[in-house]
Amino acid sequence: MSEKVIPFGEVKEARVEMEGAKNVYIRWLLGPEDKMPNFYLRMFRIEKEGHTPYHSHPYEHEVFVLEGEGALIIENKEYQLKKGYVAYVPADSNHQFKNSGEEDFVFLCIIPRT
C-alpha cells in the first residue's frame, strides 16, 4: 500500500443495505480498495431514528464518536455515546448502534482486515 492523504469528503458515502439497517451510511475511508495490510477505517453516519441491525461477526470494533448522540447495545446492555466517546465491541458479540438524538450520529469504526 502506498500512502493515501485526502479529505474524507472525497470518499464516496453509501447507504448500508444490510437487512435491519435504517438510515445508515458508510464511507470506507481506508478499506479493501486501498489494499490496507492490517486494518480498515470506516465512517458511519446514522440519521435521526436510524440504527444498524442487531448482529454479530467474528471481528472486533474500535469506535470513536465524532458527532451526535447514540446508543450502543452489546449483548442487550445499552451504553449511551456522544461526541468524544470511545467504545470497544468484542468479536462475536451481538451489537447495534442507534441514533438517539436529533442530529446525525457520526462515528469512526476500525476493524481488522479479515
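Trainee: What share of the 114 residues of the protein chain count as buried?

Mentor: In this predicted model, 38% of the 114 residues count as buried. The cut-off for that word is a relative accessible area under 20%.

Trainee: How many helices and strands does the protein chain have?

Mentor: There are 0 helices and 9 strands. Along the sequence the pattern reads β-β-β-β-β-β-β-β-β.

Trainee: Why is the protein chain called as compact as a globular protein of that length?

Mentor: The globule rule gives 13 Å for 114 residues, and the radius of gyration is 14 Å, close to that value, so the chain is as compact as a globular protein of that length. The C-alpha atoms fill a box of roughly 40 × 30 × 30 Å along the principal axes.

Trainee: What share of the contacts with a separation of 6 or more comes from residues 24 or more positions apart?

Mentor: Such residues account for 60% of those contacts in the protein chain.

Trainee: What is known about the surface and the charges of the protein chain?

Mentor: The accessible surface comes to about 7000 Å², and 51% of that belongs to carbon and sulfur atoms. There are 14 positive and 19 negative side chains, with the centres of the two sets 1 Å apart.

Trainee: Why is T52 called buried?

Mentor: Its relative accessibility is 6%, and buried means under 20%. T52 therefore counts as buried. T52 lies in the loop between β3 (39-51) and β4 (61-67).

Trainee: Which residues does T52 touch, leaving out those up to four places away in sequence?

Mentor: T52 touches G20, A21, V24, I46, Q96 and F97.

Trainee: What makes the pair of T52 and F97 a polar contact?

Mentor: A polar atom of the T52 side chain lies 2.9 Å from the backbone nitrogen of F97. The limit for a pair of N or O atoms is 3.5 Å, and the 2.9 Å distance is within it.

Trainee: Is N99 buried or exposed, and how do you know?

Mentor: N99 has a relative accessible area of 8%. The cut-off is under 20%, so N99 is buried. N99 is found in strand β8, residues 95-99.

Trainee: Which backbone oxygens does the side chain of N99 reach?

Mentor: The side chain of N99 reaches the backbone oxygen of I46 at 2.8 Å. A polar atom of that side chain also lies 2.8 Å from the backbone oxygen of E103. Each distance is within the 3.5 Å limit for a polar contact.

Trainee: How far apart are N99 and E49 in sequence and in space?

Mentor: They are 50 residues apart in sequence and 5.7 Å apart in space, C-alpha to C-alpha. E49 is among the residues that N99 touches, as are E69 and D104.

Trainee: Why is E49 called exposed, while E75 is called partly exposed?

Mentor: Exposed means over 50%, and partly exposed covers the range between that and the buried cut-off of 20%. E49, in strand β3, has 54% relative accessibility and so counts as exposed. E75, in the loop between β5 (69-74) and β6 (77-82), has 41% and so counts as partly exposed.

Notes: Residues are numbered from 1 along each chain as its sequence is written. This is a predicted model: local features need pLDDT of at least 70, side-chain atom pairs count only at pLDDT 80 or more; totals for chains, interfaces and linings use all residues. Side-chain values use heavy atoms; hydrogens and water are left out. Helices (H or I, at least four residues) and strands (E, at least two) are DSSP runs, numbered from the N terminus. The radius of gyration is taken over C-alpha atoms; the globule rule is 2.2 Å times the number of residues to the power 0.38. Buried means under 20% relative accessible area, exposed over 50%, partly exposed in between (1.4 Å probe, protein chains only). Contact means heavy atoms within 4.5 Å. Accessible areas come from the Shrake-Rupley method with a 1.4 Å probe; for residues, only the protein chains shown count as cover. Lys and Arg count as positive and Asp and Glu as negative; His and the chain ends are not counted. The place of a charge is taken as NZ of Lys, CZ of Arg, CG of Asp or CD of Glu. A polar contact is a pair of N or O atoms within 3.5 Å; within protein, one must be able to donate a hydrogen and the other to accept it, and residues adjacent in sequence count only if both atoms are side-chain atoms.
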